[in-house]
Amino acid sequence: MLEHRLAKLAALATFVLLVIGGTVNPTGSSLACPEPTLVCHGQLFPPMVGGVFYEHGHRLAAMTVGLLQIALTVALAVRRRELRRLGLVLLGLVVAQGAFGAITVAYKLPWFVSTAHLLLGMSYFASLIYTAFRTRPAPSVLELDRHAKLRAELGPARRWIAAACGFVFVQLLLGALVRHLGAAMVCLGMPSCTRDGQWWPDAWVQDLHMVHRGFGVVVAIATTLAAVAVYRHSRAWHAVRLAALVAPVLVLAQVALGVVTVLTMRAVPLAVGHFAGAAALWALWMSTWLATGPRVAATAAVADAAPAMRLVRA
């Protein structure tokens, strides 16, 4: 289905956009293009050198996502009229995201706007994943029946998935504050904040940095517990089991990248990898939550066949 393919493509493009955006701050390129528009130094396609490569590359990638979103909104309005409001909401999120980006540049990187810009990007990413699930081809009655049995087997373990999503989002917020309040490199010790062993110095930005570190450990523990619970209660649900296996590996890699980012004085590839890992963990848990939710038939034919199927099973 066209709308399903467009939703998946837009979600993939948004992940790439997030990673590209994650290069802007560590490279010091946030104001390489002073105009709060699609042009940079008066050109739509300026020489892509220095900070312009990262900042304007981010804008061009955002423009690509915007065009994909327009196509998705139109497809939903024409082909899936019951989802046309969702398409408009997604389009509104893209417009708001662009506005936050423009305000960030126009007002020289106010931390609260930059933080909102990042969190809105993650929220839009999750909304596209939701749209991809909503636009899947209609399941057969047998598929609906199997899905219901798998959900019953999963049982209360699904609450662990919700908890993991919540913990990851809070950590995204803390990471955004650390990045946009200039707290990324205020603690150079490991594991303590300072190299002389202080854990909680007087400066509040150092405290913020340490809260981000500490909550990262909380996220790692919550992710591992959630993965164990999901794995134990999804013996026949292979895709969900795979996600449960990947999640602890991903979160441990994320913790390791955070550590080496500090030890290497925020080497750009490591800082970007740390950010990409956070986006990937967010996508993994959100996808698992949506995959384990109720599966609703998208056609009247399947709904009409369900009572007959129940009689056959009886």
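Is Ala106 buried, exposed or partly exposed? Ala106 is partly exposed, at a relative accessible area of 38%. Buried means under 20% relative accessible area, exposed over 50%, and partly exposed in between (1.4 Å probe, protein chains only).

This is a predicted model: local features need pLDDT of at least 70, side-chain atom pairs count only at pLDDT 80 or more, and totals for chains, interfaces and linings use all residues. Residues are numbered from 1 along each chain as its sequence is written, and side-chain values use heavy atoms, with hydrogens and water left out.

**View 1. The whole chain is built from helices.** The chain has ten helices and zero strands. Both are DSSP runs, numbered from the N terminus: helices are H or I with at least four residues, strands are E with at least two. The C-alpha atoms fill a box of roughly 70 × 50 × 25 Å along the principal axes. Of the 314 residues, 45% count as buried.

**View 2. Ala106 in helix H3.** This residue belongs to helix H3, which covers residues 84-106. Asp202 is 96 residues away in sequence. In space, the two C-alpha atoms are 33 Å apart.

**View 3. The largest nonpolar core.** A nonpolar core is a set of buried Ala, Val, Leu, Ile, Met, Phe, Trp, Tyr and Cys residues joined through side-chain atoms within 4.5 Å. The largest one holds 59 residues. Met122, Trp282 and Trp285 touch the most other members. Helix H9 (residues 268-291) gives the largest share of this core, ten residues. Apart from it lies another core, of six residues, including Leu177 and Val205.

**View 4. The surroundings of Trp285.** Contact means heavy atoms within 4.5 Å. Leaving out residues up to four places away in sequence, Trp285 touches Ile161, Ala164, Cys165, Val168, Thr223, Ala226, Ala227 and Ala247.

**View 5. A cis peptide bond at Pro191.** Most peptide bonds are trans. Met190 and Pro191 are joined by a cis bond, with omega about 10°. Pro191 sits in the loop between helix H6 (158-180) and helix H7 (204-232).

**View 6. Positive phi at Met265 and Arg266.** Most residues other than glycine have a negative phi. Met265 is not a glycine, yet its phi is positive, about 60°. Arg266 is not a glycine either, and its phi is about 65°. Met265 lies in the loop between helix H8 (238-263) and H9. Arg266 is found in the loop between H8 and H9. Met265 counts as partly exposed because its relative accessibility is 48%.
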